[in-house]
Amino acid sequence: MKVISYMVPVVMLLLSFLYNNNPFIVKEEAQQAFQLINTIRSSPEKYYKELQLSSKLRITRTPLRWNDTLARVAEAKALDMAKRNYFNHVNPDGYGINFFINQSGYKLNTDWLKDKKENFFESIASGHDSGIAAVKSLIIDEGDATKGHRNHLLGVTDWDASLYDIGIGFVKSDGGDYQSYICIIIAKHNW
């Protein structure tokens with residue numbers, strides 16, 4: 001019996017090496033993703049073919065402003081997805097990005113947006129080699145019939161065009177289901 005009680009910690013330690021999930025933030029990828037989004041917004045015609053955009057699409061030309069608070073929230077969300085090996089707008093505890101944005105001190109413009117399960121400000125992707133590849137994938141948005149990610153990033157709807165602050169978290173992970181996670185938050189501060 002003593003042998004088994006000593007073996008359990010040893011086996012657990014060995015298994016931890018097999019599932020070596022040491023995610024890390026890559027700020028350069030987040031900045032490149034940010035720059036690409038603003039470049040596409042300023043010159044969408046250069047991306048019509050590559051990103052399958054219609055020339056009739058109403059893309060806002062308003063550039064987004066980097067916001068350090070939103071970036072910290074986005075990094076925390078991307079890290080959480082990597083560490084806990086999930087991919088969802090709502091974390092396993094039932095909280096969505098609206099809750100975390102408000103917890104950070106960045107106040108959203110209306111009380112109804114503070115609900116813990118809501119998401120009106122986040123686009124997420126996983127498994128991409130770079131922030132640029134993730135942004136392109138979100139803009140093409142093949143899995144979303146309403147093209148919600150594309151609209152969010154490019155300010156296509158009146159709602160999305162009214163948002164002007166951005167924060168991005170890009171995380172690489174050497175364990176779990178995906179090699180990377182990106183969280184892009186675009187919101188509007190309630191002054």
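Student: Leaving aside neighbours within four places in sequence, which residues is Tyr-86 in contact with?
Tutor: Keep in mind that this is a predicted model. Beyond its neighbours within four places, Tyr-86 is in contact with Lys-77, Asp-80, Met-81, Asn-91, Pro-92 and Tyr-181. Tyr-86 itself belongs to the loop between helix H3 (68-84) and helix H4 (97-103).

Student: Is Tyr-86 buried or exposed?
Tutor: Look at the relative accessible area, where under 20% means buried. Tyr-86 has 11%, so it counts as buried.

Student: Before going on, how much should I trust the coordinates? What is the mean pLDDT?
Tutor: The mean pLDDT is 86, and 82% of the residues reach 70 or more. Where pLDDT is low, the predicted coordinates should not be read in detail. Here that caution goes to residues 3-20, where pLDDT stays under 50. For that stretch the model has five contacts beyond four places in sequence.

Student: Now the overall layout. How many helices and strands are there?
Tutor: The protein has seven helices and five strands. Going along the sequence, they follow the pattern α-β-α-β-α-α-β-α-α-α-β-β.

Student: What share of the contacts comes from residues 24 or more positions apart?
Tutor: Among contacts with a separation of 6 or more, such residues account for 66%.

Student: And what about burial? What percentage of the residues count as buried?
Tutor: The figure is 46% of the 191 residues. As for the surface, the protein exposes about 10200 Å², with carbon and sulfur atoms supplying 56% of that.

Student: Which residues touch the most other members of the largest nonpolar core?
Tutor: The general idea is that in soluble globular proteins, nonpolar side chains tend to be buried together. In this model the largest nonpolar core has 48 residues, and Leu-53, Ile-101, Ile-168, Ile-184 and Ile-185 touch the most other members. Elements giving two or more residues to this core are H2, H3, H4, strand S3 (122-126), H5, helix H6 (148-154), S4 and strand S5 (180-187). Take Leu-53: its contacts beyond four places in sequence include Ile-40, Tyr-47, Ile-139 and Leu-154. Arg-150 is on that contact list too.

Student: On to charges. How many salt bridges are there?
Tutor: The count comes to eight. Glu-50 pairs with Lys-136, their closest N and O atoms being 2.6 Å apart. Glu-50 sits in the loop between helix H2 (27-42) and strand S2 (65-66), and Lys-136 in helix H5 (residues 131-140), so this bridge ties together parts 86 residues apart in sequence. Both ends are partly exposed, Glu-50 at 42% and Lys-136 at 25%.

Student: What is the N to O distance between Arg-58 and Asp-158?
Tutor: Their side chains meet at 2.5 Å. Arg-58 is in the loop between H2 and S2, while Asp-158 is in helix H7 (residues 158-161), so the pair ties together parts 100 residues apart. Arg-58 is exposed at 53%, and Asp-158 is exposed at 58%.

Student: Where does the bridge between Asp-165 and Arg-65 sit?
Tutor: Asp-165 is in strand S4 (residues 165-172) and Arg-65 in strand S2, 100 residues apart. Their closest N and O atoms are 3.1 Å apart. Asp-165 is buried at 3%, whereas Arg-65 is partly exposed at 46%. Bridges can also join up: Asp-80, Arg-84 and Asp-93 are linked in a network.

Student: Last one, the rings. Why is the Phe-99 and Phe-100 pair edge-to-face?
Tutor: With ring pairs you read the angle between the planes, and over 60 degrees counts as edge-to-face. The model has eight aromatic pairs. For Phe-99 and Phe-100, the ring centres are 5.3 Å apart and the planes are at 80 degrees, so the pair is edge-to-face. Phe-99 is partly exposed at 22%, and Phe-100 is partly exposed at 29%. Elsewhere, Phe-87, Tyr-178 and Tyr-181 form one aromatic cluster.

Note on methods:
Residues are numbered from 1 along each chain as its sequence is written. Side-chain values use heavy atoms; hydrogens and water are left out. Rings of Phe, Tyr and Trp (its six-membered ring) pair if their centres lie within 6.5 Å; planes under 30 degrees apart count as stacked, over 60 as edge-to-face and the rest as tilted. Buried means under 20% relative accessible area, exposed over 50%, partly exposed in between (1.4 Å probe, protein chains only). A salt bridge is a side-chain nitrogen of Lys or Arg within 4 Å of a carboxyl oxygen of Asp or Glu. Helices (H or I, at least four residues) and strands (E, at least two) are DSSP runs, numbered from the N terminus. pLDDT is the predictor's confidence in each residue, from 0 to 100. Contact means heavy atoms within 4.5 Å. Accessible areas come from the Shrake-Rupley method with a 1.4 Å probe; for residues, only the protein chains shown count as cover. A nonpolar core is a set of buried Ala, Val, Leu, Ile, Met, Phe, Trp, Tyr and Cys residues joined through side-chain atoms within 4.5 Å.
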